[in-house]
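My notes follow in the order in which I looked things up.

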Amino acid sequence: MNLRLMQRQILAAYDSEGIFVYQAFKPCIAQEALCKGTFGKGFNLDRMTWIKPSFGWMLYRSGYATKHRQESILKIKLSHGGFQQIIAQGVPTSFNRDIFASQRDWQTSLKSSEVRYQWDPDRDLLLRRLENRALQLGIRGSVVHSYVNNWILQVEEVTQLAHDIQDAANKKLQDMPKVPEERLYQVSDQIQKTLGISNLAV
């Protein structure tokens, strides 16, 4: 079975310690994070921040790390426990009648939750739209504090990799730079329901 044909599944690079997610920032925030091993000066703990398991989506969203205030891409290893706590609290950014009985219930949950998510069309390294969806997670409040202070295991910069991929794409090279393999990330039945995960195209 081709996992890329699945509509809503978490595809990510991960190992026994944690799962890798991506964020793009202006260079000074990224450099501070690289020095500290987590976020520090310049990172606003009081704002919602978005994390993305899909590298292709991060390349698309940041324009290969060329867009304003997205010139540096960080690859962040997040503990499995931390990631599981985040996704267990997720509320979709748009109403889903399979998850909520009414618009009012959804709006109430969205306002109170510290985690929201959305599924966007995933992208390949050439930024072409794929059939499967990429998960984006917005976190705020105490979840951001736990993310920064407890759950981040490692921070690595992959900006040069993004630029190399863009260069290869522009030159129409057959061999693209190697990127981490993104595999199906298994979650519990309850989290599947929370995230609206499905194998069916819609």
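In what order do the four strands of the open sheet lie? I noted first that the model is predicted. I then traced the open sheet and found the order β3-β7-β6-β5, with mixed pairing.

**Entry: edges of the sheet.** I looked up which strands pair on one side only, and these are β3 (49–51) and β5 (91–92). I recorded both as the edge strands.

**Entry: β3 against β7.** I followed β3 to its partner, strand β7, which covers residues 129–139. The two strands run antiparallel and are joined by three bridges. For one position I took T49, whose bridge partner in β7 is I139.

**Entry: β6 against β7.** I then moved to the pairing of β6 with β7, where I found eight bridges in the antiparallel sense. Within this pairing, R123 lies opposite R129 of β7. I also examined the hairpin that these strands form, in which five residues lie between them. There I noted L127, which adopts a positive phi near 70 degrees.

**Entry: β5 against β6.** At the other edge strand, β5, I found a parallel pairing with β6 over two bridges. Here V91 is placed opposite R116 of β6.

**Entry: the whole protein.** I listed seven helices and nine strands. The radius of gyration is 17 Å, close to the 17 Å given by the globule rule for 202 residues, so I noted the protein as being as compact as a globular protein of that length. Along the principal axes, the C-alpha atoms fill a box of roughly 50 × 40 × 35 Å.

**Entry: contacts and burial.** I looked up the contacts between residues at least 6 apart in sequence, and 76% of them join residues at least 24 apart. Of the 202 residues, 48% are buried.

**Entry: surface and charge.** Finally, I compared the mean positions of the 26 positive and 20 negative charges and found them 6 Å apart.

Notes: Residues numbered from 1 in each chain as written. Predicted model: local features only at pLDDT ≥ 70, side-chain atom pairs only at ≥ 80, totals over all residues. Heavy atoms only, no water. Rg over C-alpha atoms; globule rule 2.2 N^0.38 Å. Buried < 20%, exposed > 50% of the residue type's maximum accessible area, 1.4 Å probe, protein only. Contact = heavy atoms within 4.5 Å. Lys, Arg positive; Asp, Glu negative; His and termini not counted. Charge placed at Lys NZ, Arg CZ, Asp CG, Glu CD. Pairing = 2+ DSSP bridges.
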